[in-house]
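Me: I would like a close look at one part of this model, the aromatic pairs and the core around them.

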Amino acid sequence: MAEEVSQKGLMTEGSIAKIIITFSIPLILGNLLQQLYNAADSVIVSNFNGSNALAAVSSSSSLISLLIAFSQGAAVGTGVVVSQYLGARNRKGVHDAVHTAVAIAMILGVVLTIGGILLSRPLLVWMDTPAAVLDDAATYLRIFFGGVFFNVLYNMCAGILNSAGNSRRSLFYLFIASMTNIALDLILVGIFDMGVAGAAIATDISQFMSSTLALRFLMRCGEDYGVDLRQLRLRKSMVARIVKVGLPTGFQNMIISFSNVLVQSSVNAYGPGAMAGFGAYMKIDGFNILPVMSFSMAATTFVGQNYGAGKLDRVKRGVWVTLGLGMCYTLATGALLLVFSEPIMRLFNDDPTVIGYGQLTMRYFCPFYFLLSILHGLAGAVRGTGKSIPPMVVLLASLCLFRIAWIKLILPLIPSLGSIFLLYPVSWAFGAVLMVLYAWKGKWLVQH
């Protein structure tokens, strides 16, 4: 019989709404902090170096997401596996999963550092990045990927902490990193006039701090999910289990990010003004998207622990609570963003052209974020049972294949920025319908 873990941080007993809200709030705040210091790069660079520098930093986001997507999938896979072992109170399973996961993160971090530095400029050229911003964008990406090892390591450590119900700890470390990043942006960009290079260096140092603090806590916490560096190694059976759950998610993230790269390429054709306006709003977009992903992560952890404990009725009630929270949040924030669209865009740039493009993006995005909350909320819940293939298929069909088809077939017939932006809410609606149908008819709650 497996040695049992402690009950601390488990979600298998008590008020479902209270547990999910308590777990989600630190995740949401942490993601908002992360988005805050990402947005700070754009705001500070734009105010000190102009709209071309803003375009250079903002247009890099889709490539960054593409290149680190697989490592994010590995972190999701780890969270599912660890949460299920915690729910089943299997101490050895938790130990092996955690130490295998950290070893995977370190290997991926090295690979991504080398690959990102080498591929940054060729990928920007392939995206038809305008010559006016190409050099700055390449500089930002290369320096960013010089420190991406710490980004990968932090995401894995945060995934372990979150799977154990300790999301407040990762929030604390993100707060420290966010404040550090903003302070360094002001110093390196504002005082030392280092431009986009200064913004990238600030981000790298901030990620180093958050990853170091998170790993240090795991090494000293004394919990079942703690880390002993001497135990780090790739356990074949555990690698297989983490990859089984995480590979579909990582592959899904990469393909969706690839479709976003194609969208960015389409926007690039309209010049630096459109790039700056769209890119600036995509930093604001994170304040809606990341909380949605936090609710999805909460659903994954909650479902993983209760599924592992065999409490399927509790799983179903948790799904409804998660969907309700996600829809309320996205409807409220979408309305607020529309009301205050102009002053929000002015934080990034005073150029009327940039502001106009940003407001145009908002009108297509903000009313429809609730569709995305349904899609990701249900995907997170299904993923918590270890069934990551169905959500992957739905997300790839809606957020990737559908978007590529739209760009190749619809956009040539109606060539406009409005046509580019419209594909987002339409793809969200398509994905939400598919995910609802699977959650309703699929056999994802069959206990194994």
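Are F365 and F421 buried or exposed? Please take the answer through their pairing and on to the core.

Reply: Both F365 and F421 are buried. Buried means under 20% relative accessible area, exposed over 50%, and partly exposed in between, with a 1.4 Å probe and protein chains only.

First, the basis. This is a predicted model, in which local features need pLDDT of at least 70, side-chain atom pairs count only at pLDDT 80 or more, and totals for chains, interfaces and linings use all residues. Residues are numbered from 1 along each chain as its sequence is written, and side-chain values use heavy atoms, leaving out hydrogens and water.

Now the rings. Rings of Phe, Tyr and Trp (its six-membered ring) pair if their centres lie within 6.5 Å; planes under 30 degrees apart count as stacked, over 60 as edge-to-face and the rest as tilted. The whole structure holds 15 aromatic pairs.

One of them joins F150 and F208, edge-to-face, at 5.0 Å centre to centre with 85° between the planes. This pair links distant parts of the chain: F150 is in helix α6 (residues 148–163), F208 in helix α8 (residues 195–220), 58 residues apart. Helices (H or I, at least four residues) are DSSP runs, numbered from the N terminus. F150 counts as partly exposed because its relative accessibility is 25%. F208 is also partly exposed, because its relative accessible area is 41%.

F365 and F421 have ring centres 6.3 Å apart and planes at 80°, so this pair is edge-to-face. Here too, distant parts of the chain are linked: F365 belongs to helix α13 (residues 352–365) and F421 to helix α16 (residues 417–441), 56 residues apart. Ring pairs also build a cluster, with F365 and F421 joined by F278, Y281, Y364, Y369, Y424 and W428.

Next, the core. A nonpolar core is a set of buried Ala, Val, Leu, Ile, Met, Phe, Trp, Tyr and Cys residues joined through side-chain atoms within 4.5 Å. The largest has 122 residues, and those with the most contacts inside it include F365, Y281 and W428. Helix α3 (residues 61–87) gives the most to this core, with twelve residues. A second, separate core has eight residues, among them M11, I16, I19 and F23.

Y225 is another of the residues with the most contacts inside the largest core. Contact means heavy atoms within 4.5 Å. Beyond its neighbours within four places in sequence, Y225 touches V94, V98, I160, L161, A164, N166, F217 and L218.

How values were computed:
Helices (H or I, at least four residues) and strands (E, at least two) are DSSP runs, numbered from the N terminus.
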